[in-house]
Amino acid sequence: MAFQPEYIEIDLLKLVADGDRNAFTQIYNNYRNKIYSIAYELTESTGVAEEIVQDVFLKVWVKRETLHEVEHFRAYLFTITRNYVFAALKRIARRESLEVSAMEGTPLYHHDTEDQVQHNEYTRILQAAIDRLPEQQKQVYNLIKKEGLKREEAAAALQLSPETVKTHLAAAMRSIRTYCLTRLDVTIALIILMRHY
């Protein structure tokens, strides 16, 4: 949908403030792609970017009665977006810190019990997803994701072409993602799976 002229947007925002869902849908359509692009560029995750878009517009709708006080809606919207992006990046960094601590065998002294339980559950489910992979996909995944080999090195080790290794890894990642998403809270899964893509 084409972006609306400023004077029409002001009218739309007044309607949204009064609870008009059609006006809200038009505002959503006008800004969704821009917010998604910003979120994706910063998080490098389609899942997290989609989540941020939904969170941003949910907040706009929940706080719609205050839109009468907003003078510059675009700046208001992008401030909300920035805040959600920063929060997502902090969660991602925290999850990665937990995983690094676990892999290095260091105690998680700086994380509360809930984090440890959540991390242990994630690790269990991720391992179960890996165990279910066909043997060659599992070998490719372990060599590249666990042992840190480059695609060419894994290909040489398995006597496969680099392109075949790439195909196996992509299939393994799709399978792991699907398995985890059906067993973990979607928000958590989208964040913690980022480092595996």
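Select Phe73 first. Apart from neighbours within four places in sequence, phenylalanine 73 is in contact (heavy atoms within 4.5 Å) with Glu9, Leu13, Ile27, Tyr31, Val60 and Leu67. This is a predicted model, in which local features need pLDDT of at least 70 and side-chain atom pairs count only at pLDDT 80 or more, while totals for chains, interfaces and linings use all residues. Residues are numbered from 1 along each chain as its sequence is written, and side-chain values use heavy atoms, with hydrogens and water left out.

Buried means under 20% relative accessible area, exposed over 50%, and partly exposed in between, with a 1.4 Å probe and protein chains only. Helices here are DSSP runs of H or I with at least four residues, strands are runs of E with at least two, and both are numbered from the N terminus.

Go to the loop between H2 and H3 and pick serine 45. Is serine 45 buried or exposed? Serine 45 counts as buried because its relative accessibility is 9%. Its side chain comes to 3.4 Å from the backbone nitrogen of glycine 47.

Move on to helix H7, residues 151-158, and colour its buried residues, Ala154, Ala155 and Leu158. Viewed down the axis of H7, these buried residues fall within an arc of 100° (taken from the directions from the helix axis to the C-beta atoms), so they line one face of the helix. On the face turned away from the buried side of H7 are the exposed residues Ala156 and Ala157. Just after H7, select glutamine 159, which has a positive phi of about 60°.

Finally, show the whole chain. How many helices and strands are there? The chain has 9 helices and 0 strands. Of its 197 residues, 39% are buried. Among contacts with a separation of 6 or more, 55% are between residues 24 or more positions apart.

How values were computed: Polar contact = N/O pair within 3.5 Å; in protein donor to acceptor, adjacent residues only side chain to side chain.
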